[in-house]
Amino acid sequence: MIYAGVELGGTKCVAILARGPDDVLVRESVPTTTPDETLGAIAVKLERWRAEHGFDALGVASFGPLDLDPNSRAFGHVTSTPKPGWAGTDVLGQLQRAADVPAALDTDVNGAALAEMRWGSGRGFQDFAYVTVGTGVGVGLIANGLPMRGFAHCELGHIRVPRLAGDAFAGSCPFHGDCVEGLAAGPSLVARVGAEHVKGLSPHDPLWNSVAWALAQLCHAIVCAAAPRAIAMGGGVIDKQPHLLDRIESMLIDSLNGYMALPPPLPYIRAPELGGNAGPFGSIALAMTATQ
């Protein structure tokens, strides 16, 4: 079967046509600007691929927040995003009309988690978490093989955590200030030291202790709430500072303080095996669920 996938990101979107990670037919990117421009350009690609290749299902892995309640009138829409112009956008409806096949929608991080479980660092697990640390902090949390659902999807990147002792930074999140995203995401680094200094930060800069601590507290909450078999952590901040992974795991172990032991195989906090492809292949993993 051939699947079409769309990963909607904050700065760019990736459209992909594939049978799986080892059999990609087409991969194209478009910048994320306005909903009309971005979704319109992707719709044109989907219509062309449908005419030239044909495909069996569509998967959409999008930034959020999203309305994922099938009984809601706003199902498939972006909700309260701070991204200008995108609140209320019917992402699923516009793309499914262009694809004219069964479609599945979920958050970009849930898609990435499912891709890592199918092809990467979460293979063999039914309980797994994927954390991305970039322009925001997102968590894809999978339990018993399915993304966690309640009245909304997981937003663990916005939980408030205690700051590292001595860290007086107020946080950069426009909604919550010093939530995890406000303490550890890319914009928080810029707010702390200035855009011109972020790239020059040494791995030994004490700022990384504050970032690692906030992310370790996030992982502490994930472990206590859902006990996934492993946590993969990627995104632009982690990709540029891979030393953070060991530091976060060490701080997590100290934070748990022997109450819960992390399961083998270690490391428990690990890099995603799919790397930067976890997002695009997440949309393909979602498309595979649309035909089940």
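**Nonpolar cores, helix packing and backbone geometry**

The largest nonpolar core comprises 40 residues, and those with the most contacts inside it are Leu215, Met233 and Ile248. A nonpolar core is a set of buried Ala, Val, Leu, Ile, Met, Phe, Trp, Tyr and Cys residues joined through side-chain atoms within 4.5 Å; buried means under 20% relative accessible area, exposed over 50%, and partly exposed in between (1.4 Å probe, protein chains only). Two or more residues of this core come from each of β6 (128-133), β7 (137-143), α4 (180-184), α7 (207-226), β9 (231-234), α8 (236-240) and α9 (244-256), and α7 supplies the largest share, 11 residues. Helices (H or I, at least four residues) and strands (E, at least two) are DSSP runs numbered from the N terminus.

The model is predicted; local features need pLDDT of at least 70 and side-chain atom pairs count only at pLDDT 80 or more, whereas totals for chains, interfaces and linings use all residues. Residues are numbered from 1 along each chain as its sequence is written, and side-chain values use heavy atoms, with hydrogens and water left out.

Leu215 touches Val133, Val180, Ala184, Met233, Ile238 and Ile248, residues up to four places away in sequence not being counted; contact means heavy atoms within 4.5 Å. A second, separate core has 29 residues, including Ala4, Ala15, Val78 and Ala99.

Ala99 also belongs to the buried residues of helix α2 (91-99), together with Val91, Leu92, Gly93, Leu95 and Ala98. The buried residues of α2 pack against β1 (3-8), α1 (35-52), β4 (57-62) and β5 (103-107). At the start of α2, a side-chain oxygen of Asp90 lies within 2.9 Å of the backbone nitrogen of Gly93. Asp100, with a positive phi near 55°, follows the helix.

The axes of α1 and α2 are 8 Å apart, at an angle of about 25°; α1 is therefore roughly parallel to α2, a term for angles under 35 degrees. Axes are lines fitted to C-alpha atoms, for helices over the stretch in contact, and angles run from 0 to 180 degrees between N-to-C directions. Leu39, Ile42, Ala43, Leu46, Glu47 and Arg50 of α1 meet Val91, Gln94, Leu95, Ala98 and Ala99 of α2.

Two cis peptide bonds can be described. The bond from Gly64 to Pro65 has omega near 5°, with Pro65 in the loop between β4 and α2. The bond from Pro264 to Pro265 has omega near 0°, and Pro265 is in the loop between α9 and β10 (269-270).

Terms used. Polar contact = N/O pair within 3.5 Å; in protein donor to acceptor, adjacent residues only side chain to side chain. Parallel < 35°, antiparallel > 145°, perpendicular 65-115°, else oblique.
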